[in-house]
Amino acid sequence: MAMALKEQTAMPHVVFIPYTMTSHITPLIHTARLFALHGLKVTIITTPYNALLFESSIDNDRLVSGCNITIQTLQFPSDEVGLPVGVENFIASPSMEIAGKVHHGFVLLQKPMEQLIRQLNPNCIVSDMFFPWTVDLAEELQIPRFSFQPATFIHQCAWHFLKEYTPHKKMASTSESFLIPGLPLAIKMKCSEIEDFLKEETDYSKTVNAVLEAELRSYGIIHNTCSELEPGYAQVYEKVRGRKGWHIGPLSLFINKQESKISSKESFKSNSCSDPWKDCRDCLNWLEDQEPNSVLFVCFGSMVRFSDDQLKEMAEGLKATNCSFIWVVREQEKNQVDENDHCDGWLNGFKEMVVQKNKKGFIIQGWAPQVLILKHQAVGGFLTHCGWNSVLESLTLGVPLITWPLFSENFYTEKLLEKLELAIGVGADVWNSGFIISSPVVPREKIELAVKCLMYDSEKSRKIRENAKLMAETLKCATEEGGSPKTGGPTSYETFLPSFNL
Ligand code: UDP
C-alpha cells in the first residue's frame, strides 16, 4: 500500500467526498466538521443541491468557530442523466429508477472530482464507501485514503460469515431461523431477512465487492458506531476484514455538543443536515401540550415509500392503540391511472378524525425535524425501520425503539437491538431490495400489539425504557475525553485524531 505521508508544512488538508444519500451525507459531514474543529484544513466536494443540506453548518463552523473548512461544488450532470435540475439526492427520488439516475450522475462526476482533487493536492482523502475509485487516486497521489462506513460492524461481520458458511442455503424454508456463525452475540435470522446479493450474484454484489476491495487497500475505515453498541464486534470486524476500523460514533453526539456551544454564543441558528429548523414550529408546539413520554414518533428514514395498503394498516394500527403519535407519511409515487384512489382521500379523513377531532396525532407529509422531535420530553418511543442514523439519534437521547426493518442492513440492526433489550419488534421479516416497499403488509394487529407493548406500562416496557436511558449515558461517556470505558479504543474524538498521525 503506497501510504507515504507527505511532508507537512502547514495544517494537513483533508478532502471529504459524501455520497447522494442523506443518511450517508450527515455522518460524513459530522466527521469533516470534527476534523476541522481539531485544526485540520477541510474541503468537502459535492454538488450544489447536496451542499444546501449542510452549508449553513459549515458557514457557522468557519465564521463562529474559526475553522478552516470549505465546500467545493461541481455541477451535477442533470441533462446527461435525464433528471430535472435539483434532483441530486435520494431524498428527492420517489422511485428506484430516479435513484439509479442520481447514482449514475455521481458515476459521471468521477473524472471532474479526480481533476479537482489533483488540483487541491490534499494530504488525505476521506470518501464515502461508495466511491471506491478514490483509493486509486490516493495511491497515485501517495496519500492515505479512509473509507467512510455510515452503519454497523455487525452487518459487515454477518456478511462475512454468511458468505463463508452459507447457513441460509441449508434451510428448508425461507421462514426458518438459523444462527449466524462467528458473531459475538448469538444472532438468529431468517432467509427472508437476508439481502438477495448474499444468495445470488446481483448487480449490487459487484458494487459491494468493489467497496470491500477498495477498503482492503485503504489506510483505514471510519465507522459511525462504538463498542458500547456493538460489544465485541470491532475486534471480529478487524480480524475478518484485515483492516483497522475506527469507531468514532455516535457522531450526532459530537455535533449536538458543538451546536449547543454555538447557540450558547448566541450566534445565528445552525441548520445541520440532521436538524432542519424550518417548517417545524407547529409540530413542536403540539408536543408542548403532551404528557412526558406519551408520544410515539413514527418515521422510516429519508427514503422509504410504503404502499397505500400498508399506510392504511399503519393508520388503523396506530389509531387502535389510543396512543398519541407523530407520523411522518411518505407514500409511493402514483401513476396517473390510480391517482384518484390515492392516499390523499383516506389520509385526509384519518387526519380529520384522529388529528383534528381527537387531537391524538400529528401527521407530517414531508421532512420532519427528527432530532428535535426525539429530543422532546413528550416523546417516549420511536417506531423506526432501523436506519442506523435514526437508531443512534434515538439511543443517544434515551428514546426506546419499536423496530420495523425494511431494507439495506436494517434486519441485523433489529437483531442487535433485540439482544441489547432496547426495542420491541413489529414482526416484519421480509427484506426489500430497495426503498420502495413491496414486502407483505404488516397487519394493524401486529402494529397495535408492538406499540402497546412499548408505550403502555409493564415490566417489559419499564426494562426497555431503563435500558435506553442507560445506553444514552453510556454513549455520552464513550464520546467524552478518554474514550470508551469498555474498550479503551479510539472511540473518543480527543484520542481519535492524533492516532491518524497526519
Ligand atoms: N430524517 C429527518 N427527517 C425525516 C426523515 C429522516 O431528519 O423526515 C433524518 C434522520 O434524522 C436521519 C436520516 O434522515 O438522520 C435517516 O437516516 P437513517 O440511517 O435512519 O435511514 P435511511 O434514510 O438511510 O433509510
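Most peptide bonds are trans, and most residues other than glycine have a negative phi. The model is a predicted one, in which local features need pLDDT of at least 70 and side-chain atom pairs count only at pLDDT 80 or more, while totals for chains, interfaces and linings use all residues. Residue numbers start from 1 along each chain, following the sequence as it is written. Helices (H or I, at least four residues) and strands (E, at least two) are taken as DSSP runs and numbered from the N terminus.

## Backbone exceptions and exposure

Thr 166 belongs to the loop between α8 and β6, whereas Cys 386 belongs to the loop between β13 (379-384) and α16. For the burial classes used here, a residue is buried if 20 or more other C-beta atoms lie within 10 Å of its own, exposed if 12 or fewer, and partly exposed in between, with C-beta atoms placed from the backbone.

| Residue | C-beta atoms within 10 Å | Class |
|---|---|---|
| Thr 166 | 11 | exposed |
| Cys 386 | 28 | buried |
| Pro 167 | 16 | partly exposed |
| Glu 80 | 11 | exposed |

Pro 167 is also found in the loop between α8 (154-165) and β6 (177-179). Leaving aside residues up to four places away in sequence, Pro 167 touches Phe 178, Ile 180 and Pro 181, where a contact requires C-beta atoms, placed from the backbone, to lie within 7 Å. Glu 80, in helix α4 (residues 78-81), is 87 residues from Pro 167 in sequence and 44 Å from Pro 167 in space, C-alpha to C-alpha. Between Glu 80 and His 104, which are 24 residues apart along the chain, the C-alpha separation is 9.4 Å.

## The seven-stranded sheet

The protein has 20 helices and 15 strands. Seven strands make an open sheet with parallel pairing, in the order β3-β2-β1-β4-β5-β8-β9, where two strands pair if DSSP finds at least two bridges between them. Because β3 (69-73) and β9 (245-247) stand at the edges with a single partner strand each, one side of each is left without a neighbour in the sheet. On average, and with direction ignored, neighbouring strands of this sheet are turned by 25° against each other; axes are lines fitted to C-alpha atoms, for helices over the stretch in contact, and angles run from 0 to 180 degrees between N-to-C directions.

Helix α7 packs on the sheet, where α7 touches β1 (13-17), β4 and β5, and the direction of α7 makes about 175° with that of β4. Together, β4, α7 (residues 134-141) and β5 make a right-handed β-α-β unit, a crossover being right-handed if, with the strands pointing away from the viewer, the path from the first strand over the helix to the second runs clockwise.

Strand β5 (residues 145-149) has five of its five residues buried. In a regular strand the side chains alternate between the two faces of the sheet. Both faces of β5 are covered, with Arg 145, Ser 147 and Gln 149 buried on one side and Phe 146 and Phe 148 buried on the other. On one flank, β5 runs parallel to β4 (residues 124-128) and is joined to β4 by four bridges, with Ser 147 as the bridge partner of Ser 127. Four bridges also join β5 to the parallel strand β8 (residues 220-223), where His 223 stands opposite Gln 149. Strand β8 in turn pairs with β9 in the parallel sense over three bridges, and Ile 221 stands opposite Gly 245 in β9.

## The shell around the ligand

Of the 19 residues around the ligand, those that come nearest are Ser 23, Gly 301, Ser 302, Gly 387 and Ser 390, a residue being near if its C-beta atom, placed from the backbone, lies within 6 Å. The elements that give two or more residues to this shell are α1 (22-37), α15 (370-375) and α16 (388-396), and α16 gives the most, with four residues.

How values were computed:
Contact = placed C-beta atoms within 7 Å.
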